[in-house]
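Please look over the sequence and the model below with the following report at hand.

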Amino acid sequence: MNPLYVYTDELLKYRFNDTHPFNQMRLKLTTDLLTDAGFLNDEDIVVPRIATDDELALVHTKEYIEAVRAAGHGDLTAEESAKYGLDSEDTPSFINMHEKCAALVGATLTAVDLVMTGQTDKALSLAGGLHHGFSGKASGFCVYNDTAIACEYIAKKYGKKVLYIDTDAHHGDGVQWTFYSRNDVVTYSIHETGRYLFPGTGSATERGTEEGFGYTVNLPIDAFTEDDSFLEVFKESLERAIQTFEPDVILSQNGVDAHFRDPMTHLSLTSKSYEEIPRFVKDMADKYTGGKWIAVGGGGYNIWQVVPRMWSQIWLAMKNIDAPAGPLPEAFIERYKMKCKVDFPVLWEDTLDDFTEIPRRVEITEKNKTTLERVLMYLDQ
Ligand SMILES: [Zn+2]
């Protein structure tokens with residue numbers, strides 16, 4: 001089956017303001033890079049639908065949805081905005097916020113439907129991945145939590161068990177808390193420890209509650225973790241989690257803010273990890289879920305030097321194409337180089353001239369291994 005790519009320029013309108021680090025221009029850059037390289041064609045692209053209020057209400061309260069709608073039309077008081085997390089520097093209100101956010105959720109649900117109705121077995125919607133949104137509150141650049149909605153939609157509409165995999169540098173807190181007492185949605189998050197990073201949660205001991213005890217998996221890794229240690233603990237823990245929970249389908253959130261050039265976090269991954277992560281997830285889907293894999297985007301705040309090349313690898317993994325090496329397509333460089341105010345990347349792979357090696361590498365690797373052992377012990381219980 002041919003994988004499908006959910007996209008429309010309309011999705012670029014999820015935009016807080018011109019100085020906000022969350023910039024969906026990265027969707028267009030990624031789409032253009034893939035197109036210019038000849039990896040993405042018109043027939044691969046599906047134009048998404050918009051999510052309905054009932055779909056948003058799978059996770060969010062009616063009061064919150066109404067507040068988001070009112071805020072986007074300038075009709076919410078300052079006091080009410082504060083109550084719903086819609087007035088912070090991180091997540092400020094913007095014009096027609098409800099409509100723009102519902103479009104983004106609709107894109108993720110479009111990808112889900114394509115896979116769950118058998119039109120394809122793999123679908124990618126990079127606009128989604130807003131894993132910090134809560135049931136009744138915006139948080140961390142996220143208004144509606146498309147990833148949590150998608151998991152609930154798979155559980156409720158299709159009656160299937162979904163494994164949510166979150167490799168964003170930040171803990172996938174909004175999704176975790178949505179399903180914390182449930183055993184029909186398993187959440188797995190590998191992330192930088194919350195010691196110095198938003199949202200501060202995601203310790204290995206957060207394992208779920210009541211019926212959901214054991215169905216939440218967290219693997220916090222040390223700041224400055226590099227590729228080899230990341231890939232070691234990720235691959236071993238993820239495969240064990242899949243063997244334990246036997247999901248019907250995988251939904252992965254693919255924030256790329258653990259890259260060493262990302263300005264918001266303290267991890268030290270390179271293109272090596274971003275080539276391997278989606279290829280490993282694809283292998284897991286092919287081996288354990290009949291190939292069924294839905295992928296969304298997530299964090300990524302270096303939109304020129306990091307995101308387009310790293311996100312491209314998810315699509316290439318779905319297409320079963322090896323990670324390209326060497327020059328990026330001329331057309332792409334010509335189109336964007338002049339618009340970019342930092343050094344424009346010209347190769348698919350990272351050049352490591354600005355990579356700082358960490359003297360604590362051995363210590364970090366050992367620490368991550370200890371956390372892995374603990375997570376594996378939990379999974380065996
Ligand atoms: Zn993030």
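Predicted model: local features only at pLDDT ≥ 70, side-chain atom pairs only at ≥ 80, totals over all residues.

Although N320 is not a glycine, its phi is positive, at about 65°.

As background to both cases, most residues other than glycine have a negative phi, and most peptide bonds are trans.

## A cis peptide bond

The peptide bond that joins F198 and P199 is cis, with omega at about -5°. P199 has its place in the loop between β5 (185–192) and β6 (216–221).

S139 itself lies in the loop between β3 (122–125) and α6 (146–158). Is S139 buried or exposed? S139 is buried, because its relative accessible area of 12% is under the 20% cut-off for that class.

## The annotated domain

UniProt, in an unreviewed entry, places the feature "domain: Histone deacetylase" at residues 20–317. In the model the end C-alpha atoms of residues 20–317 lie 30 Å apart, and the span is 40% helix and 11% strand.

## Packing of α1 against α10

Helix α1 (residues 25–36) and α10 have axes that come within 9 Å and cross at roughly 60°. The two helices, α1 and α10, are therefore oblique to each other, and α1 passes α10 in a right-handed crossing.

On the α1 side the contact is made by R26, L27, L29, T30, L33 and L34, which meet V307, P308, R309, W311, S312, W315 and L316 in α10. The residues of this contact of α1 with α10 divide into nine nonpolar, two polar and two charged.

## Packing of α8 against α9

Helix α8 (residues 227–245) and helix α9 (residues 271–288) pack at an angle of about 15°, with their axes 11 Å apart. The crossing of α8 and α9 is right-handed.

From α8, the residues D227, D228, F230, L231, F234, K235, L238, E239, I242 and Q243 meet K272, S273, E276, I277, F280, V281, M284, K287 and Y288 in α9. The residues of the contact of α8 with α9 divide into ten nonpolar, two polar and seven charged.

## T370 and V233

T370 lies in helix α12 (residues 361–380), where T370 is exposed, with a relative accessible area of 54%. The C-alpha atoms of T370 and V233 are separated by 9.7 Å, while the two residues are 137 residues apart along the chain.

Methods
Residues numbered from 1 in each chain as written. Heavy atoms only, no water. UniProt positions renumbered as here; feature names shortened; annotations may be inferred. Helix = DSSP H or I, 4+ residues; strand = E, 2+ residues; numbered from the N terminus. Axes fitted to C-alpha atoms, helices over the stretch in contact; angles between N-to-C directions. Left-handed = near helix turned anticlockwise from the far one by under 90°. Contact = heavy atoms within 4.5 Å. Nonpolar A, V, L, I, M, F, W, Y, C, P; charged D, E, K, R; others polar. Parallel < 35°, antiparallel > 145°, perpendicular 65-115°, else oblique. Buried < 20%, exposed > 50% of the residue type's maximum accessible area, 1.4 Å probe, protein only.
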